[in-house]
Amino acid sequence: MDLLNTLVDKGLRRELPTREEALAVLATSDDDLLEVVTAAGKVRRQWFGRRVKLNYLVNLKSGLCPEDCSYCSQRLGSKAEILKYTWLKPDEASKAAAAGVAGGAKRVCLVASGRGPTDRDVDRVSQTIEAIKEQNEGVEVCACLGLLSEGQAGRLRSAGADAYNHNLNTSEGTYGDITTTHTYADRVETVQQAQAAGLSACSGLIAGMGESDTDLVDVVFSLRELDPDSVPVNFLIPFEGTPLAKEWNLTPQRCLRILAMVRFVCPDVEVRLAGGREVHLRSMQPLALHLVNSIFLGDYLTSEGQAGQADLDMIADAGFEVEGAGTTTLPRHRTGAGTEPEAGGGCGGHSTGCAPCGDVADAPTVVDAEAPAARTDLVAVRRRGAGTDLAPNA
């Protein structure tokens, strides 16, 4: 397929595809799916080989959020029957993190619900970061605390944080339909504050909220321009008790096309398969490893994932290997240690002269022939790990 040959060539050169090419990936048929995965897999292996980075979530504070993000089980007014608890103590969070590290996680992601941290919250998280680093030599720590105020990113960096996560989630044009208590621009500003403080930026999206193909391409192109080092791709978990509980728009095939499109647009960035993979990819999760180079191990913030050992078995059975602590995740040219020539920009190579994104006419969403059946049986509320007396899944 000429389209795929073109996209592979561009991915190997870290060259930005056109919006039309990205839309065309989402419009490919199920008959062409394996060709799409094979093509994007070539780009993935060029920059990351067969390594899979494991990340582990610790939910520091669950529920009780004043924001109204429609997709979130922790939102204001959520009737989802999730765990609700206030801040974990540093030793409790460190103990939870240790379980993930023992399971092979290279990065621990510390997450807290809320609009953004107070200065006291930053002090609390800083103590937690220090405790985790002291007990787990070499582990990376990423904080995800919401919108940052001036100076807070620098304080987290001084405490030992390596990265900061704040997702764009959806396109700027549709953001107001999903959230009204803060803006898309607020999210962009927080990512930029993290970058300015020297933190590795982590920012991604949620697919499956009823968005169009154009919306998906818009947010991924915006992410490329924003230049995060990590791009988590979440698939909506339609929790009962949230406004998007009835949004079951994804098939395993569509999820794979979305991941392939992200890889083509952001070829040399850590693309992470995040929340919802078990619900929507199901038995096709191993194919996604040919597109992404990073996953979460075990459970998520308010939902349960598949068993941690099943994750490790899946990686091994698919012919991949867990990335070791002594290995640098990103290609050398993204860490400043390499000598590879700039080739028209990479995901975040916009400062070296990427072509402007331009505008295209709205494209209709490609709908699969049969609407997927709602698999509510696969949405399991987390009842173990952080905030409980039960052992974590790692």
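Arg19, Ala22, Leu23 and Leu26 of α2 touch Asp213, Thr214, Leu216, Val217, Asp218 and Phe221 of α9. Sorted by class, that α2–α9 contact comes out at six nonpolar, one polar and three charged residues. Keep in mind that this is a predicted model.

**α2 against α9**
- Helix α9 covers residues 213–226, and its axis comes within 10 Å of the α2 axis, with the two crossing at roughly 125°.
- That angle makes α2 oblique to α9.
- As for handedness, α2 and α9 cross in a right-handed way.

**α2 against α10**
- α2 (residues 19–26) also packs on α10, at an angle of about 155° and with the axes 8 Å apart.
- Angles over 145 degrees count as roughly antiparallel, so α2 and α10 run roughly antiparallel to each other.
- This crossing is right-handed too.
- On the α2 side you'll find Ala22, Val25 and Leu26, which meet Arg254, Arg257, Ile258, Ala260, Met261, Phe264 and Val265 of α10.
- The α2–α10 contact holds eight nonpolar residues, two charged ones and no polar ones.

**The cores**
- The largest nonpolar core counts 60 residues, and Leu205, Phe235, Leu259, Met261, Phe264 and Ile295 have the most contacts inside it.
- The biggest contributor is α10 (residues 252–265), with nine residues.
- Beyond its neighbours within four places in sequence, Leu205 contacts several residues, including Leu216, Val219, Val220, Leu223 and Val262.
- There's also a second, separate core of 31 residues, with Trp87, Ala161, Leu297 and Ala386 among them.

Methods:
Residues are numbered from 1 along each chain as its sequence is written. This is a predicted model: local features need pLDDT of at least 70, side-chain atom pairs count only at pLDDT 80 or more; totals for chains, interfaces and linings use all residues. Side-chain values use heavy atoms; hydrogens and water are left out. A nonpolar core is a set of buried Ala, Val, Leu, Ile, Met, Phe, Trp, Tyr and Cys residues joined through side-chain atoms within 4.5 Å. Buried means under 20% relative accessible area, exposed over 50%, partly exposed in between (1.4 Å probe, protein chains only). Helices (H or I, at least four residues) and strands (E, at least two) are DSSP runs, numbered from the N terminus. Contact means heavy atoms within 4.5 Å. Axes are lines fitted to C-alpha atoms, for helices over the stretch in contact, and angles run from 0 to 180 degrees between N-to-C directions. Angles under 35 degrees count as roughly parallel, over 145 as roughly antiparallel, 65 to 115 as roughly perpendicular and the rest as oblique. A crossing is left-handed if the near helix is turned anticlockwise from the far one by less than a right angle, and right-handed if clockwise. Ala, Val, Leu, Ile, Met, Phe, Trp, Tyr, Cys and Pro count as nonpolar, Asp, Glu, Lys and Arg as charged, and the others, Gly among them, as polar.
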